[in-house]
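Please open the model in your viewer and keep the selection panel at hand.

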2 protein chains.
Amino acid sequence: MPPLAGHPAAPRRGRPDYDQETVLRRAIDLFSRQGYHATSMGDLARELSLTKSSIYHHIRSKEDLLETALNEALDNLGAVLDRAEAHRTGSAYQKLCDAVEDSIEVLIAHLPSVTLLLRVQGISMVEQDALRRRRKIDDRLVTLVRAAAAEGALRDDLDPYLISRLLFGMVNSLAEWVRPNSRYDARQLTTAVATIVFDGLRAPGPGIG
Amino acid sequence: MPPLAGHPAAPRRGRPDYDQETVLRRAIDLFSRQGYHATSMGDLARELSLTKSSIYHHIRSKEDLLETALNEALDNLGAVLDRAEAHRTGSAYQKLCDAVEDSIEVLIAHLPSVTLLLRVQGISMVEQDALRRRRKIDDRLVTLVRAAAAEGALRDDLDPYLISRLLFGMVNSLAEWVRPNSRYDARQLTTAVATIVFDGLRAPGPGIG
């Protein structure tokens, strides 16, 4: 996002003084609550208690805000893969477990921007670019799953591509309902996802557990 | 949806003759591809090769189409629970397995309308009503999971509410990428989801498998 044109150093009468970060956070929150395409500049102005004419002192365009939010999500999710892949020791299975855990932490720490990313349907250039970057991340996740399967750590009766889609489908579904004041913290969510997908829900039978 | 006003019995010159079902299917497809709020009546007209003025002979409003689509998804997902609950024999665990399988079949058979439902964020009355109906379905799924856990069929170290959210989060994530011409059929997807969530991904160790 470019520097905010005409942003005053001190509050002016009748125009709340927002820094760039506050404007961005409030806008992303609103987009993630009611949908990017369903949110007008008028809605953003109301959210920020600005008039429709003064909002352009703070925001160049809705799409600028969207682009910043999507890049935030993509940069952080990309870093999850960088960290997993950089682990030189550790099995592929361990890297996959780390990536699952780390993805959930990023999703919770950057919830509104990850939520926006997961809902992108790709009409504009900004959305198309984000989808392209997201597909690259998805491909790297499939590669991690394939490596863990090749190592013999995962069951061999399921296609690694399908495993990856379903596993990270479950991780991403957290964005639909987890809220900052959720009754579950990141640790509980990570444990639940890892337990379900790696160990399964079925109660351990006699002689196994 | 009401009968289409002014719908001609035979094609008129320059105006494609669509039946109500075709208009609905093409509109839902378009909404699910590019998002309901991002789709204008002009986009719908283009999709149907109609002029902007003649589209109102076929469609009363975008919201009418949305309501019909959401009701289709909700009626079919509600019926999944009706069927599972009506099973008088069978354990709660079996009912849960049936509900997972049946949900995936409904999701695939009604993909565009279920996709729309899963993306509803609830700004309009129609969306708010759909969210209320969806929450009731989610509550019935939690009840099924609780019953299976109470029966001792599921591991007891995870909260049934959290299990339900994650399990059906994985099921619903299929709507994000499964397409009618997908390389996986309903049977393969159902098997993969059930295997992952009930048995787990970890390769069976020596002495267990």
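In which hand, left or right, does α4(A) pass α6(A)? The crossing is left-handed, a term used when the near helix is turned anticlockwise from the far one by less than a right angle, whereas clockwise is right-handed. This is a predicted model, in which local features need pLDDT of at least 70 and side-chain atom pairs count only at pLDDT 80 or more, while totals for chains, interfaces and linings use all residues. Residues are numbered from 1 along each chain as its sequence is written, and chains are lettered from A and ligands numbered from 1 in the order in which they are written.

**First stop: chain A**

Select residues 92–109 (α4) and 125–150 (α6) of chain A. Helices here are DSSP runs (H or I, at least four residues; strands are E, at least two), numbered from the N terminus. The two axes come within 8 Å and cross at roughly 145°; axes are lines fitted to C-alpha atoms, for helices over the stretch in contact, and angles run from 0 to 180 degrees between N-to-C directions.

Next, display A:A92, A:Y93, A:K95, A:L96 and A:A99 of α4(A), which meet A:L141, A:L144, A:V145, A:A147 and A:A148 of α6(A). Residues are in contact if their C-beta atoms, placed from the backbone, lie within 7 Å. This contact has nine nonpolar residues, no polar ones and one charged (Ala, Val, Leu, Ile, Met, Phe, Trp, Tyr, Cys and Pro are nonpolar; Asp, Glu, Lys and Arg charged; the others, Gly among them, polar).

Now colour the buried residues of α6(A), among them A:E127 and A:A130. Buried means 20 or more other C-beta atoms within 10 Å of the residue's own, exposed 12 or fewer, and partly exposed in between, with C-beta atoms placed from the backbone. The buried residues pack against α3, α4, α5 and α7 of chain A. Beyond the helix, select A:G152, whose phi is positive, near 90°.

**Second stop: chain B**

Select α1 (residues 20–34) and α3 (residues 62–86) of chain B, whose axes come within 10 Å and cross at roughly 85°. α1(B) is therefore roughly perpendicular to α3(B) (65 to 115 degrees; under 35 is roughly parallel, over 145 roughly antiparallel, the rest oblique). B:L24, B:A27 and B:I28 of α1(B) make the contact with B:L65, B:T68 and B:A69 of α3(B).

Finally, highlight the buried residues of α1(B), including B:V23 and B:F31. Their cover includes α2, α3 and α5 of chain B. Just after α1(B), B:G35 takes a positive phi of about 95°.

Methods
Contact = placed C-beta atoms within 7 Å.
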